Amino acid sequence: MHEHLGFLKTSSLIVKVAAWVFLFVGIVGSIYIFSGRLPGKTALEGVVNLAVAVFFFFFFYIIAKIADLLVKIIHKIMEE
């Protein structure tokens, strides 16, 4: 198990970055939709876009936190 710790730490960091990117892109996209810069889009589509971005942010961030927790558990097991 100890040999997989590097992979878990790296993948956790990458997934956290992806979560923040999803949130940022979703917020910027929703701002564009609300400001009317995207023709043919309604305010409801902006709300849906923002909700989907927030959902994916929390989804990816929780996955990354689970990987961090797994690393801590492995460290604790290795100490004993």
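Which helix does Ile 66 lie in? Ile 66 lies in helix α2, and the tour will return to it.

**Before selecting anything**

This is a predicted model, in which local features need pLDDT of at least 70 and side-chain atom pairs count only at pLDDT 80 or more, while totals for chains, interfaces and linings use all residues. Residues are numbered from 1 along each chain as its sequence is written, and side-chain values use heavy atoms, with hydrogens and water left out.

**Stop 1: helix α1**

Select residues 5–35, which make up helix α1. Helices (H or I, at least four residues) and strands (E, at least two) are DSSP runs, numbered from the N terminus. The expected span of a helix is 1.5 Å times one less than its number of residues. For the 31 residues of α1 that gives 45 Å, and the C-alpha atoms at its ends are 45 Å apart, so the two values agree.

Now colour the buried residues of α1: Leu 5, Leu 8, Ser 12, Ala 19, Leu 23, Gly 26, Gly 29, Ser 30 and Ile 33. Buried means under 20% relative accessible area, exposed over 50%, and partly exposed in between (1.4 Å probe, protein chains only). The cover over these residues of α1 includes α2, residues 43–79.

**Stop 2: helix α2**

Select residues 43–79 to show α2. Its 37 residues should span 54 Å at 1.5 Å a residue, and its end C-alpha atoms are 54 Å apart, which agrees. The buried residues of α2 are Gly 46, Ala 53, Phe 57, Ala 64, Ala 67, Val 71 and Ile 74. They pack against α1.

**Stop 3: the largest nonpolar core**

Which residues make up the largest nonpolar core? Select Leu 5, Leu 8, Ala 67, Val 71 and Ile 74, five residues in all. Both α1 and α2 give two or more residues to this core, and α2 gives the most, with three. A nonpolar core is a set of buried Ala, Val, Leu, Ile, Met, Phe, Trp, Tyr and Cys residues joined through side-chain atoms within 4.5 Å.

Centre the view on Val 71. Leaving aside neighbours within four places in sequence, Val 71 is in contact (heavy atoms within 4.5 Å) with Leu 5, Leu 8 and Lys 9.

**Stop 4**

Is Ser 12 buried or exposed? Ser 12 sits in helix α1 and counts as buried because its relative accessibility is 2%. Not counting residues up to four places away in sequence, Ser 12 touches Ala 64, Ala 67 and Asp 68.

Ile 66 counts as exposed, at 53% relative accessibility. The C-alpha atoms of Ile 66 and Ser 12 are separated by 8.5 Å, with the two residues 54 apart along the chain.

**Stop 5: the salt bridge**

How many salt bridges does a search of the whole structure find? The search finds one. Select Lys 16 and Asp 68, whose side chains meet in a salt bridge (2.7 Å, N to O). The pair links distant parts of the chain, with Lys 16 in helix α1 and Asp 68 in helix α2, 52 residues apart. A salt bridge is a side-chain nitrogen of Lys or Arg within 4 Å of a carboxyl oxygen of Asp or Glu. Side chains of opposite charge can pair when their charged atoms come close.

**Stop 6: a nonpolar patch on the surface**

Show the surface and select Leu 13, Val 17, Val 21, Phe 24 and Val 25. These residues form a nonpolar patch with about 500 Å² of accessible area together. Patches are made of residues with over 30% relative accessible area and no salt bridge; like charges are joined within 9 Å, nonpolar side chains (Val, Leu, Ile, Met, Phe, Trp, Tyr) within 5 Å. Accessible areas come from the Shrake-Rupley method with a 1.4 Å probe, and for residues only the protein chains shown count as cover.

Val 17, in helix α1, is partly exposed, with a relative accessible area of 47%. Val 21 is also placed in helix α1 and is partly exposed, at 45%.
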